[in-house]
Amino acid sequence: MKKALSLLLVGAMTLSLAACGGNGDSASTDSAAEESTTTEETEAADSEGGEAFKIGGIGPITGGTAIYGTAVQNGIQIAVDEINAAGGINGYQIDYNFQDDEGDSEKAINAYNTLKDWGMQVLVGAVTSAPCIAVAEETRNDNMFQITPSGTAVECVQYPNALRMCFSDPTQGTESAKYIGENGMATKVAVIYDSSDVYSTGIYEAFAAEAANQPFEVVSVEAFTADSKTDFSVQVQKSKEAGADLLFMPFYYTEASLVLAECDKQGYEPTFFGCDGMDGILGVENFDVALAEGLTFLAPFVAKSEDEMVQNFVTKYEEAYGETPNQFAADAYDSVYVVKAAIEAAGATPDMSVSDLCDAMMGAMSSVTYDGVTGKSITWTDGEPNKAPLVVQVSGGEYTEL
Amino acid sequence: MIGFISYLVNGISLGSVYAIIALGYTMVYGIAKMLNFAHGDVIMIGAFVVFSTVSGAGLPPVVGVLISVVACTLLGMAIERIAYKPLRKASKLAVLITAIGVSYFLQNVALLIYGANTKSFTSVVAIEPISLMDGSLVISGETIVTVIACIIIMIGLMTFMKYSKSGRAMLAVSEDSGAAQLMGVNVNSTIALTFAIGSALAAIAGVLLCSSYPSLTPYTGSMPGIKAFVAAVFGGIGSIPGAFIGGILLGVIEILGKAYISSQLADAIVFAVLIIVLLVKPTGLLGRQIQEKV
């Protein structure tokens with residue numbers, strides 16, 4: 001029995017070695033076949049070899065942040081399918097491969113190396129900030145064009161070969177403070193933030209800086225960390241005791257659902273204000289949406305928008321994956337189209353080297369003005385998109401654009 | 001002052017959940033002499049079973065909790081039979097690593113079945129909150145039930161250990177499993193029973209944890225599991241009253257530390273207290289000094 005098992009293992013190892021040793025084409029066909037979501041068109045393009053743009057994606061499709069990675073993976077897939085069906089970029093098809101990083105920096109580097117072996121020329125990723133910063137060091141060494149759909153930390157785009165599709169953390173913090181101040185939403189503000197998370201800390205710091213110029217007063221600042229995010233009784237009680245009439249929550253909806261439940265438990269009813277991490281709170285299974293009534297947040301994308309492009313994307317996404325796309329999927333979808341726009345503006349071809357392609361695309365980015373599902377007439381300055389956030393409010397159990 | 005009492009109540013509530021989890025840890029350690037790191041994930045499975053039966057299938061909460069207790073008991077015994085029993089004679093390290101493996105296995109099974117999306121857990125407690133001093137001090141129904149459940153479980157376990165035949169068999173196995181076997185105690189079935197009780201407690205802990213903090217993911221059990229392990233060590237691992245006191249103290253220190261020192265340093269304070277206790281009393285608050293025989 002044991003002998004049979006070891007023989008089997010040896011056999012499997014030999015096979016995998018053979019697969020590694022094969023030429024680029026067969027290896028990439030293998031990975032394309034493994035990637036269950038990869039479509040027929042991609043495989044067809046793949047067999048031609050060197051005739052397609054190879055776009056790689058990195059993000060968490062397992063682990064605690066899997067919901068974001070999966071959305072990005074699906075969003076990219078829809079854009080790739082659309083582009084390939086419409087004749088590709090400059091007449092070349094797109095070949096797409098997505099690797100899991102489990103939201104972990106080291107695994108993101110492994111994923112990047114796997115994709116490089118596959119022949120990736122352009123990277124859409126990574127999804128979460130910390131892995132994105134780690135991968136940015138690698139793409140800089142290789143001078144590879146990188147666009148992160150959702151890496152909000154400042155460092156994600158610190159090098160000239162990288163840009164992002166979403167807002168940066170400081171932008172969100174500053175815009176939130178301005179919005180609260182200009183609309184007179186509160187006089188006393190309490191903040192709860194996740195001090196172990198770059199996203200949350202980044203927003204909080206910019207918010208605190210801008211709050212000094214605004215007509216409201218920050219009366220209470222409490223933090224929590226990744227290791228103690230089940231019990232919010234103290235943070236909520238302190239905000240309540242400070243008499244805050246608005247609670248600013250720059251973190252993700254998973255924790256927000258707990259904070260909202262705790263506020264309800266303590267009978268505390270301030271105005272709730274959040275950032276794009278709140279997008280998805282109504283999708284929490286079994287969540288009592290009445291708790292989130294009146295929650296206001298800044299977001300780049302609202303699935304209910306009347307915009308034609310948005311409706312086209314939302315319909316296709318719902319048909320393919322049976323759920324309404326969130327902003328991560330939308331940013332990912334736009335990212336692929338930005339890659340397309342940059343390649344077209346540069347007049348690039350798939351036979352260019354990774355570094356030449358990057359230089360050509362980056363050179364062309366200054367002339368790109370992009371209309372997408374997460375904003376119109378977007379231009380880029382130092383890797384940052386110039387777009388205005390939408391203000392979304394939960395009303396009657398649905399997201400409503402204000 | 002009211003603020004302080006309110007923090008104290010929250011601390012005791014959180015501590016009671018830690019205590020129930022720690023009781024499961026400490027029983028398994030005391031009798032099987034192994035750290036069952038999968039305990040936290042059995043909690044998560046217990047909570048998911050209640051989520052599926054109560055929120056999903058619409059059964060009454062009491063039935064859901066009973067199903068969950070039965071399911072976790074069976075799961076605990078299955079884990080023991082499949083993963084730990086073959087390693088009874090293996091090194092401690094091998095068992096420890098297997099336990100970590102089981103923990104990952106359970107997390108990933110839950111991930112496969114339920115997905116990574118957060119589920120909101122509907123509280124199974126229907127008791128109205130008690131409002132004292134004109135509403136400035138609110139004690140939730142969950143808090144009351146958790147604290148009472150914790151005390152009942154602790155007293156029940158101590159009585160069971162002291163007066164029942166299987167309880168005394170457990171004590172005998174924990175003293176010296178070899179000698180117990182010679183005296184006619186069935187060591188294997190005693191250890192299986194320990195896992196059954198520990199896992200049943202995990203199911204109850206899972207329900208109470210998620211009723212107080214209503215968010216459920218495949219990773220829900222891991223951090224409370226680690227904190228409860230700390231509580232068990234704090235109180236003296238292997239000791240049932242120790243786990244209870246350790247759990248309550250840990251919860252109270254965590255909440256008061258958060259409230260009066262720093263909300264970011266809560267965990268650091270908890271662990272600093274643990275280190276000091278272990279420096280002064282290496283076996284924990286109520287742990288016994290075991291003489292190594294030569």
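Q: What makes β11, β12 and β13 of chain A an open sheet, and in what order do they run?
A: In this predicted model, the three strands line up as β11-β12-β13 in chain A, with antiparallel pairing. The sheet has two edge strands, β11 (370-372) and β13 (384-386) of chain A, each pairing on one side only. From one strand to the next, the twist averages 40°.

Q: Why do β11(A) and strand β12 (residues 375-381) of chain A count as a pair?
A: Pairing takes at least two bridges between the strands. β11(A) and β12(A) have two bridges, in the antiparallel sense, so they qualify as a pair. Across from Tyr370(A) you'll find Ile378(A), in β12(A).

Q: What makes up the side of chain B that touches chain A?
A: Going by C-beta atoms within 7 Å, 30 residues of chain B are in contact with 30 residues of chain A. On the chain B side, α1 (2-32), β1 (119-120), α9 (222-235), α10 (240-260) and α11 (266-280) each supply at least two residues. The largest share, five residues, comes from α1(B). By class, that side of chain B splits into 13 nonpolar, 14 polar and three charged residues.

Q: How do you know how confident the predictor is in chain B?
A: Look at pLDDT, which runs from 0 to 100: the mean for chain B is 89, and 98% of its residues reach 70 or more. Among the elements of chain B, helix α3 (residues 61-84) has the highest mean, 94, while strand β2 (residues 130-132) has the lowest, 80.

Q: What ipTM and pTM does the predictor give the complex?
A: The complex gets an ipTM of 0.82 and a pTM of 0.77.

Key
Residues numbered from 1 in each chain as written. Chains lettered and ligands numbered in written order. Predicted model: local features only at pLDDT ≥ 70, side-chain atom pairs only at ≥ 80, totals over all residues. Contact = placed C-beta atoms within 7 Å. Helix = DSSP H or I, 4+ residues; strand = E, 2+ residues; numbered from the N terminus. Nonpolar A, V, L, I, M, F, W, Y, C, P; charged D, E, K, R; others polar. Axes fitted to C-alpha atoms, helices over the stretch in contact; angles between N-to-C directions.
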